[in-house]
Each structure stands twice: as structure tokens, then as C-alpha cells.
Amino acid sequence: MKHRESSSDCRRGCKHTASKGAAYRLWSAAKYRAEKKNLPFTLGLFDVEEMVSKSDVCPVLGITFGWANNKLRDNSPTLDKFHPSLGYTKENTAVISNLANRIKTNANTSQVGKVYVWMKRKELE
């Protein structure tokens, strides 16, 4: 059976989805979040597989991804939206570590910079 990304039938019991592992879990969870929050979702499963296969290292923090099945850890891969309101599109999404994603979740660039400056100043005290 060929995978059909838009088919709910394919998500249940499809051999194709079982073989995709982590990429499929990232893709399906992001699709669910997008539907729940009414965000655009144009990512295909193969887009996520391509992102996952590019590197075993978080491009933000340089830590090696850990592919634990049931527990979300700091080094777990996550799908990040650069601009949250633009949703999950190929141009707006990257695979980064859970830790990096949490750091940037509720802060903008300026706020992250201020936290960095504060933390560096505290190291010197």
C-alpha cells in the first residue's frame, strides 16, 4: 500500500508509516497541532524525512539527537516553526532539539539575546 499523507486510513496500520519511525511521529504530531490551532500545514512526510536525514545533530545547539520513543528529552528532535503564525511549511520548519525549541518557544530574538547577556554577566560575577 502506498502511503497517502492525507488519509487517516494510512495512519492506522499502514506498513509504510511503521517503517518511517521518528520522521512519521514528528510529522503526524505536527499535523495534529496544526489542525488543532488552525495553522497552515503543507509539509509532506517526505519533507520531514529529508529534514531528519540531513543531520544527527541539532543545528542550533550542536547536540546529537536522541531518538527515544516515549520520552521527550533535551536532545529529542522536534519540528520547529521559525514564525509560528505561518504554520508548518517546508520553508518555515526545521528539525531542532527539544531543548532549543523550548528556549525559543516563548521568546523573540531580542529577549533571547537579553537572557544571553544576563547569563554571561552572571558567569563573570
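**View 1. Strand S1, covered on both faces.** Pro-77, Leu-79 and Lys-81 on one side of S1 and Thr-78 and Asp-80 on the other are all buried, where buried means under 20% relative accessible area, exposed means over 50%, and partly exposed is in between (1.4 Å probe, protein chains only). That makes five buried residues out of five for S1, which spans residues 77-81. Strands here are DSSP runs of E with at least two residues, helices are runs of H or I with at least four, and both are numbered from the N terminus. In a regular strand the side chains alternate between the two faces of the sheet. A quick note before moving on: this is a predicted model, so local features need pLDDT of at least 70 and side-chain atom pairs count only at pLDDT 80 or more, while totals for chains, interfaces and linings use all residues. Residues are numbered from 1 along each chain as its sequence is written, and side-chain values use heavy atoms, with hydrogens and water left out.

**View 2. S1 and its partner S2.** S2 covers residues 93-97 and pairs with S1 in the antiparallel sense over five bridges; for two strands to count as paired, DSSP has to find at least two bridges between them. Look for Leu-79, which stands opposite Val-95 in S2. S2 is mostly covered too, with five of its five residues buried.

**View 3. The buried side of H4.** Which residues of H4 are buried? Asn-98, Ala-100 and Asn-101 are the ones. They sit on the same side of H4, because they cover an arc of only 160° around the axis, taking the directions from the helix axis to the C-beta atoms. S1 and S2 are among the elements that cover these residues.

**View 4. Asn-98 and its surroundings.** Asn-98 belongs to helix H4 and counts as buried because its relative accessibility is 9%. Skip the neighbours within four places in sequence, and Asn-98 is in contact with Leu-72, Arg-73, Asp-74, Ser-76 and Thr-78, a contact being heavy atoms within 4.5 Å.

**View 5. The largest pocket.** There's about 740 Å³ of space in here, that volume being the space filled by probe spheres set on grid points joined across faces, edges and corners. On a 1 Å grid over the protein atoms alone, a pocket is an open set of points where a 1.4 Å probe fits, with protein on both sides within 12 Å along at least five of seven lines, and lining residues have an atom within 4 Å of a point. The lining runs to 32 residues, and Arg-33, Thr-78, Leu-79, Asn-98 and Asn-101 lie nearest the centre. H2 (15-37), S1 and H4 (98-105) each supply at least two lining residues, with the largest share, seven residues, coming from H2. By class the lining has 14 nonpolar, ten polar and eight charged residues; nonpolar here is Ala, Val, Leu, Ile, Met, Phe, Trp, Tyr, Cys and Pro, charged is Asp, Glu, Lys and Arg, and the others, Gly among them, are polar.

**View 6. Asn-38 in its loop.** Asn-38 is found in the loop between H2 and helix H3 (45-54). Its phi is near 55°, a positive value in a residue other than glycine. Asn-38 counts as exposed because its relative accessible area is 70%.
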